[in-house]
Amino acid sequence: MSELDIQIPTAFDPFAEANAENSGAGSKEYVHIRIQQRNGRKSLTTVQGLKKEFSYNKILKDLKKEFCCNGTVVQDPELGKVIQLQGDQRKNVSTFLVQAGIVKKEHIKIHGF
């Protein structure tokens, strides 16, 4: 009986792998592009997760000129700096960020609808 391998069930944490992945130095940082519905047909596009070394105001200025829309940079206590643009600019913003060389295509997540 002493030579049998007996396994005692232990608690399994399904999120342990994800938590360890996020805490590592080589974890992927995603840029999240979301749409928020305002009233009626009006909507906002938000961009979060850009690296802090970039100048958010310069990126915003280029986005506003490129897509003929208004926007602002909002400081959020949880999310940090977030770029807000008027209208549904999700695809436009993602292609702009890739073409400008700010973010790679595989590091962009588009949310909404």
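The expected span of a helix is 1.5 Å times one less than its number of residues. Keep that rule handy for helix H2 below. What you're looking at is a predicted model. The protein chain has three helices and five strands, and along the sequence they run α-β-β-α-β-β-α-β. Here's a quick tour, from the whole chain down to a few residues worth a click.

**The chain overall**
- Of the 113 residues in the protein chain, 28% count as buried.
- The chain exposes about 8900 Å², and carbon and sulfur atoms supply 49% of that area.
- Take the contacts with a separation of 6 or more: 51% of them come from residues 24 or more positions apart.

**The nonpolar core**
- The largest nonpolar core counts 18 residues, and those with the most contacts inside it are Val 47, Leu 50, Leu 63, Ile 83, Leu 85, Val 93 and Leu 97.
- Strand S1 (31-37), H2, strand S4 (80-86) and helix H3 (90-99) each put in at least two residues.
- H2 gives the most to this core, with five residues.
- Zoom in on Val 47 and, setting aside residues up to four places away in sequence, you'll find it touching Val 31, His 32, Ile 33, Lys 81, Val 82, Ile 83, Val 93 and Leu 97.

**Helix H2**
- With 12 residues at 1.5 Å a residue, H2 should span 16 Å; its end C-alpha atoms are 16 Å apart, so the two agree.
- Which residues of H2 are buried? They are Tyr 56, Ile 59, Leu 60, Leu 63 and Phe 67.
- As for partners, the buried residues of H2 pack against S3, S4 and H3.

- Most residues other than glycine have a negative phi.
- Cys 68 sits in the loop between H2 (56-67) and strand S3 (71-76).
- Is Cys 68 buried or exposed? Its relative accessible area is 71%, over the 50% cut-off, so Cys 68 is exposed.

**Helix H3**
- The buried residues of H3 are Arg 90, Val 93, Ser 94, Phe 96 and Leu 97.
- Look down the axis of H3 and its buried residues fall within an arc of 165 degrees, so they line one face of the helix.
- Lys 91 and Gln 99 are exposed on the face of H3 turned away from the buried side.
- The cover over the buried residues of H3 includes S1, S2, H2, S4 and strand S5 (108-110).
- After H3 comes Gly 101, with a positive phi near 80 degrees.

**Gln 48 in strand S2**
- Gln 48 belongs to strand S2 (residues 43-48).
- Its relative accessible area is 14%, under the 20% cut-off, so Gln 48 counts as buried.
- The side chain of Gln 48 makes a polar contact of 3.1 Å with the side chain of Arg 34.
- Neighbours within four places in sequence aside, Gln 48 is in contact with Tyr 30, Val 31, His 32, Arg 34, Leu 79 and Val 82.

- Val 82 is in strand S4, and at 8% relative accessibility it counts as buried.
- How far apart in space are Val 82 and Val 47, C-alpha to C-alpha? The distance is 5.7 Å, although they are 35 residues apart in sequence.
- Beyond its neighbours within four places in sequence, Val 82 is in contact with Thr 46, Val 47, Gln 48, Thr 72, Val 73, Val 74 and Asp 76.
- Gly 80 is found in strand S4 too, and its contacts beyond four places in sequence are Val 74 and Gln 75.
- Gly 80 and Gly 49 are 31 residues apart in sequence, with 8.1 Å between their C-alpha atoms.

Definitions and conventions:
Residues are numbered from 1 along each chain as its sequence is written. This is a predicted model: local features need pLDDT of at least 70, side-chain atom pairs count only at pLDDT 80 or more; totals for chains, interfaces and linings use all residues. Side-chain values use heavy atoms; hydrogens and water are left out. Helices (H or I, at least four residues) and strands (E, at least two) are DSSP runs, numbered from the N terminus. Buried means under 20% relative accessible area, exposed over 50%, partly exposed in between (1.4 Å probe, protein chains only). A polar contact is a pair of N or O atoms within 3.5 Å; within protein, one must be able to donate a hydrogen and the other to accept it, and residues adjacent in sequence count only if both atoms are side-chain atoms. Contact means heavy atoms within 4.5 Å. A nonpolar core is a set of buried Ala, Val, Leu, Ile, Met, Phe, Trp, Tyr and Cys residues joined through side-chain atoms within 4.5 Å. Accessible areas come from the Shrake-Rupley method with a 1.4 Å probe; for residues, only the protein chains shown count as cover. The arc is that of the directions from the helix axis to the C-beta atoms.
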